[in-house]
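Student: I would like to learn how to read a protein model one feature at a time. Could you take me through this one slowly?

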Amino acid sequence: RCAPNGVNRGPLALPDSVYLHDPARLAAKAAMRVQMRNRRKALIREHPEAHWRAGDRAQELLDSLGLRHPGVVAVYHASGAEIDPRPLAENLAKLGWQIALPACEAPDRPVVFRSWSPGDRLLPDAVGISAPPRSAGDLSPDLLIMPLIAFDRTGGRLGQGGGYYD
């Protein structure tokens, strides 16, 4: 959903039976986001070249999965210190993958994925995120490349807190 819904299987996951908008849980996740953002900024200051090469490393990881048949891959438009997936998207487009970016049509509606090609124009969506216009057409992704602030050893993801990918 475009609006926060609180469902997350990440580092601070709680059973579904727990009230999903528990103030203590939300405060703990917010504090963890601040801590992880600060750690990422420090790492970028110490190793700026690694941050810029991260898109290439993402391509290596994707190659290691052995995906041979192009399909639809959804990426995101990077914000702040997030890894920029554009190099990955451009490489995948050259290999025949159809690229999609998320778009929020209304704060209380699920996110949709719209067709995008490198160089296409982006416009602010309903929550101000750069997204393809409605005329680009909706797609159903086979693969999602999601933004994150941090992850744990079990693959739990701590996102920006908007609930877009929950």
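Student: How far can the model be trusted, and which residues call for caution?

Tutor: This is a predicted model, and the predictor attaches a confidence, the pLDDT, to each residue. For this protein the mean pLDDT is 78, and 79% of its residues reach 70 or more. Over residues 1-19, however, the pLDDT is below 50, although this stretch has 53 contacts in the model beyond near neighbours in sequence.

Student: Which elements make up the protein, and in what order do they run?

Tutor: The protein holds three helices and nine strands, and from the N terminus on they run α-α-β-α-β-β-β-β-β-β-β-β. Of its 166 residues, 33% count as buried, while the accessible surface comes to about 10,100 Å², with 56% of that belonging to carbon and sulfur atoms. When contacts with a separation of 6 or more are considered, residues 24 or more positions apart account for 60% of them.

Student: How should I read a sheet, and in what order do the strands stand here?

Tutor: Strands of a sheet pair through backbone hydrogen bonds, and they can do so either parallel or antiparallel. Here five strands form an open sheet with mixed pairing, in the order S6-S3-S2-S1-S7. Strand S6 (138-139) and strand S7 (143-144) stand at the edges with a single partner strand each, so one side of each has no neighbour in the sheet.

Student: What joins S2 to S3 and to S1?

Tutor: Strand S2 (residues 98-103) runs antiparallel to strand S3 (residues 112-116), and five bridges join the two; Ala100, for instance, stands opposite Ser115 in S3. Strand S1 (residues 72-74), by contrast, runs parallel to S2 and is joined to it by three bridges, with Gln98 in S2 as the bridge partner of Val72. Five of the six residues of S2 are buried, so this strand is largely enclosed by the rest of the structure.

Student: Where do the buried residues of helix H3 lie around its axis?

Tutor: In helix H3 (residues 86-94), Leu88, Ala89 and Leu92 are buried. Seen down the axis, the buried residues of H3 fall within an arc of 100°, so they line one face of the helix. Just after H3, Gly96 takes a positive phi of about 100°.

Student: Is Arg114 buried or exposed, and what does its side chain make a polar contact with?

Tutor: Arg114, which has its place in strand S3, has a relative accessible area of 4%, and it is therefore buried, since buried means under 20%. Its side chain makes a polar contact with the side chain of Glu105, at 3.1 Å. Leaving aside neighbours within four places in sequence, Arg114 is in contact with a number of residues, including Ile99, Leu101, Pro132, Arg134 and Asp138.

Student: How exposed is Met32, and how is it placed relative to Ala150?

Tutor: Met32 belongs to helix H1 (residues 23-46), and with a relative accessible area of 21% it is partly exposed. Although Met32 and Ala150 are 118 residues apart along the chain, their C-alpha atoms are separated by 9.2 Å.

Key:
Residues are numbered from 1 along each chain as its sequence is written. This is a predicted model: local features need pLDDT of at least 70, side-chain atom pairs count only at pLDDT 80 or more; totals for chains, interfaces and linings use all residues. Side-chain values use heavy atoms; hydrogens and water are left out. Two strands pair if DSSP finds at least two bridges between them. Helices (H or I, at least four residues) and strands (E, at least two) are DSSP runs, numbered from the N terminus. Buried means under 20% relative accessible area, exposed over 50%, partly exposed in between (1.4 Å probe, protein chains only). The arc is that of the directions from the helix axis to the C-beta atoms. Contact means heavy atoms within 4.5 Å. Accessible areas come from the Shrake-Rupley method with a 1.4 Å probe; for residues, only the protein chains shown count as cover. A polar contact is a pair of N or O atoms within 3.5 Å; within protein, one must be able to donate a hydrogen and the other to accept it, and residues adjacent in sequence count only if both atoms are side-chain atoms. pLDDT is the predictor's confidence in each residue, from 0 to 100.
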